[in-house]
Amino acid sequence: MTDGFFRVASAIPAVQPADVEANTLSIIGMIDDLAARKAELVVFPETCITGYTCGDLFHNSTLIDSVGESVRKICAATSREDSPLVIVGAPYVVGGVMYNCAFAIRGRVHAVIPKTYIPNYNEFYEKRWWTSAPDRQMSCVAPDGREVPFGVATLLEIDGVKIGVEICEDLWTPVPPSCNAAMAGAQVIVNLSASDDLIGKYTYLRNLVSQQSARCKCVYVYSSAGYGESSTDLVFDGKAFVVENGAMLAENKRWQRGPQSVVADVDIEAIDRDRLHVGSFADCRRRNAVIDYEIVDCGKSVKRDGKLLRKVNPHPFAPVEDETFDARCEEIINIQVAGLCRRLEFTKCRNLVVGISGGLDSTLALLIAVRAFDTLGIDRKGICGVTMPGYGTTGRTHRNAVDLMNCLGVSTREISIVPAVEQHFADIGHDPAVHDVTYENSQARERTQLLMDIANQLGGMVLGTGDLSELALGWATYNGDHMSMYGVNSGVPKTLVVHLTRHFANSGAVDAACRETLLDIIDTPISPELIPAENDGSIKQKTEDLVGPYELHDFFLYYTLRFGFTPSRIFLLALNAFDGMYDREVIKHWMTVFFRRFFNQQFKRSCLPDGPKVGSVCLSPRGDWRMPSDASASLWLKECENL
């Protein structure tokens with residue numbers, strides 16, 4: 001591995017049934033190409049040395065004898081130090097019995113793994129030629145003359161990465177061999193397949209591979225026979241997948257007329273962390289009798305640079321902008337709406353009070369409130385939107401706040417906080433010309449007091465607007481905007497707030513005027529507006545100038561909470577994700593800020609209002625995140641310093 005990543009390839013060679021020499025040359029050519037790409041593991045299809053569609057030729061001595069020579073040639077071709085471990089399929093006779101096998105080759109044969117489940121239905125009649133894997137682990141003499149492990153209870157190992165092998169039909173059974181292999185420690189499962197194509201089969205198979213990868217918390221590398229196999233009765237489209245814990249990392253374009261492959265760097269450290277974190281994985285392993293697996297050392301990893309052959313999403317919280325984007329946004333919105341509806345029903349509350357600043361968070365909170373009231377059949381006038389101009393309020397944000405409330409048809413109030421804050425400054429003896437934390441927080445707390453008291457007047461409750469990113473950074477005034485009766489955005493990070501608001505604007509949920517307002521809110525710089533504006537009336541206090549870009553902080557937050565990665569590993573991922581956007585020093589600076597703030601602001605998260613979790617990361621002290629308020633950040637900051 002390099003930095004916890006392992007480079008795998010799924011390869012589909014050009015084959016000609018029974019032309020073992022030509023097939024071997026095609027396989028070796030692909031091995032050479034993938035070795036140049038620094039692949040550490042290469043998986044080929046089932047029986048690709050002979051071709052899958054040889055029929056009764058599988059029991060012909062001429063064909064069988066040629067397999068041994070092919071394997072020896074592949075051994076020679078992989079004897080270089082930089083060669084990958086190759087898993088290639090061929091029939092093989094052991095103890096006078098014919099098996100459908102996977103050969104693990106790197107300079108020599110390291111192990112032979114037979115197919116466990118032999119299909120004999122519909123278009124398959126494999127039991128005519130092959131026998132199911134023996135019930136116990138054995139050994140056999142490989143074509144290169146060495147005695148090697150033979151059996152399904154075999155794990156291949158490269159620098160701590162353990163690899164389990166299954167063949168085609170094995171995956172389609174109620175308890176695939178990969179389940180036991182994963183519980184025995186295999187982080188990578190490979191499948192050598194020869195799956196013909198039928199109407200609807202591709203989608204079914206793709207889902208099957210993804211689900212098995214997710215269920216076993218593993219990487220799944222799938223390679224299936226393609227063009228060149230006989231078309232006498234079946235057609236083979238050639239399928240190559242690399243799936244990591246249910247997520248498709250790489251897949252090929254089917255129906256190609258020549259060799260093809262996909263290569264990806266898979267995250268072994270993430271797999272190990274998930275297995276550690278999700279206790280039910282270990283419980284399952286303990287409750288199910290896992291046979292003893294033989295671990296076969298296949299050598300060291302190929303050395304390579306830190307450039308990853310995988311896309312690292314710079315916005316891991318945001319839905320992918322494809323055909324599923326709108327559905328994913330609606331799912332998140334429905335979670336927020338359902339949580340708020342339940343709280344309103346339980347409290348029998350028909351009035352909400354929301355502070356509307358003209359910024360992103362309060363906009364999303366108001367949109368969710370409106371959707372919840374519509375769902376419950378409550379008049380939108382029961383939502384009281386309150387705009388509270390202060391020293392830093394600009395004409396743009398004030399106009400957007402008012403326009404938004406009016407176009408959504410909620411009740412509105414406007415209360416300037418300036419007189420009350422000035423009286424407060426006089427009461428505590430603070431100079432209004434000193435724009436320090438007292439100056440700023442006095443305004444935030446005055447706004448919260450107004451909202452709470454208005455809620456008492458109306459017999460309603462205050463809807464919180466703060467988001468997950470602000471909770472992570474502690475970018476909220478304690479006992480100010482930090483507090484509410486229900487925090488509807490508490491599980492939504494800032495980068496996702498933007499996408500959800502844009503979805504509302506573009507999905508037809510609002511009229512044209514409201515859409516224009518929403519788009520302008522999205523384009524407005526993020527600011528608490530607690531410092532007086534510039535002379536031209538523009539926003540002076542920009543949040544991202546002070547705490548850093550939210551897209552960076554959300555990235556750091558995701559990999560810190562979702563995987564528990566170290567700063568150095570998150571830094572590596574960030575360099576790849578934000579290549580060309582931020583340089584090393586900028587990323588290092590804001591990462592240091594993130595960890596310092598994340599630790600020293602925990603006390604604010606320890607007393608959060610209720611709010612719905614919407615994704616895999618959450619900071620609720622009652623749910624996902626429990627941490628002492630006085631935990632030291634020194635280990636993390638020291639690692640940041642040494643980046």
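By class, how many nonpolar, polar and charged residues does the lining of the largest pocket have? The lining has 27 nonpolar, nine polar and 13 charged residues.

Before I go on, the conditions. This is a predicted model, where local features need pLDDT of at least 70, side-chain atom pairs count only at pLDDT 80 or more, and totals for chains, interfaces and linings use all residues. Residues are numbered from 1 along each chain as its sequence is written, and side-chain values use heavy atoms, with hydrogens and water left out.

Back to the pocket. About 1600 Å³ of space lies in the largest pocket, and its lining is made up of 49 residues. Nearest its centre are Ala247, Asn313, Pro316, Val320 and Tyr558. A pocket here is an open set of points on a 1 Å grid over the protein atoms alone, with protein on both sides within 12 Å along at least five of seven lines; a cavity is a set where a 1.4 Å probe fits but cannot get out, and lining residues have an atom within 4 Å of a point. Grid points are joined across faces, edges and corners, and a volume is the space filled by probe spheres set on the points.

Which elements supply at least two residues each to that lining? They are α4 (201-215), β13 (247-251), β14 (260-267), α5 (268-277), α7 and α16 (550-561). β13 gives the most, with five residues. Helices (H or I, at least four residues) and strands (E, at least two) are DSSP runs, numbered from the N terminus.

β13 also belongs to an open sheet of seven strands, in the order β13-β12-β11-β10-β9-β8-β15, with mixed pairing. Its edge strands are β13 and β15 (294-297), each pairing on one side only. Two strands pair if DSSP finds at least two bridges between them. Within this sheet, β8 (residues 154-158) and β9 (residues 161-167) run antiparallel and are joined by three bridges; glutamate 157 has lysine 162 in β9 as its bridge partner. α4 lies across β11 (219-224), β12 (239-244) and β13, at about 30 degrees to β12. Axes are lines fitted to C-alpha atoms, for helices over the stretch in contact, and angles run from 0 to 180 degrees between N-to-C directions.

Next, the open sheet of five strands. The order is β18-β17-β16-β19-β20, with parallel pairing. β18 (411-414) and β20 (486-487) are its edge strands. Valine 353 has valine 462 in β19 as its bridge partner. α7 lies across β16, β19 and β20, running at about 165 degrees to β19.

α7 (residues 325-347) has a helix partner too: its axis and that of α13 (residues 494-506) come within 10 Å and cross at roughly 105 degrees. That makes α7 roughly perpendicular to α13, a label for angles of 65 to 115 degrees; under 35 counts as roughly parallel, over 145 as roughly antiparallel and the rest as oblique. In contact (heavy atoms within 4.5 Å), the α7 residues include Phe325 and Ile333, and those of α13 include Leu496 and Phe504. The contact residues divide into seven nonpolar, three polar and two charged.

Last, the cavities. Among the residues lining the largest cavity are Leu471, Asp610 and Arg622.

Notes: Ala, Val, Leu, Ile, Met, Phe, Trp, Tyr, Cys and Pro count as nonpolar, Asp, Glu, Lys and Arg as charged, and the others, Gly among them, as polar.
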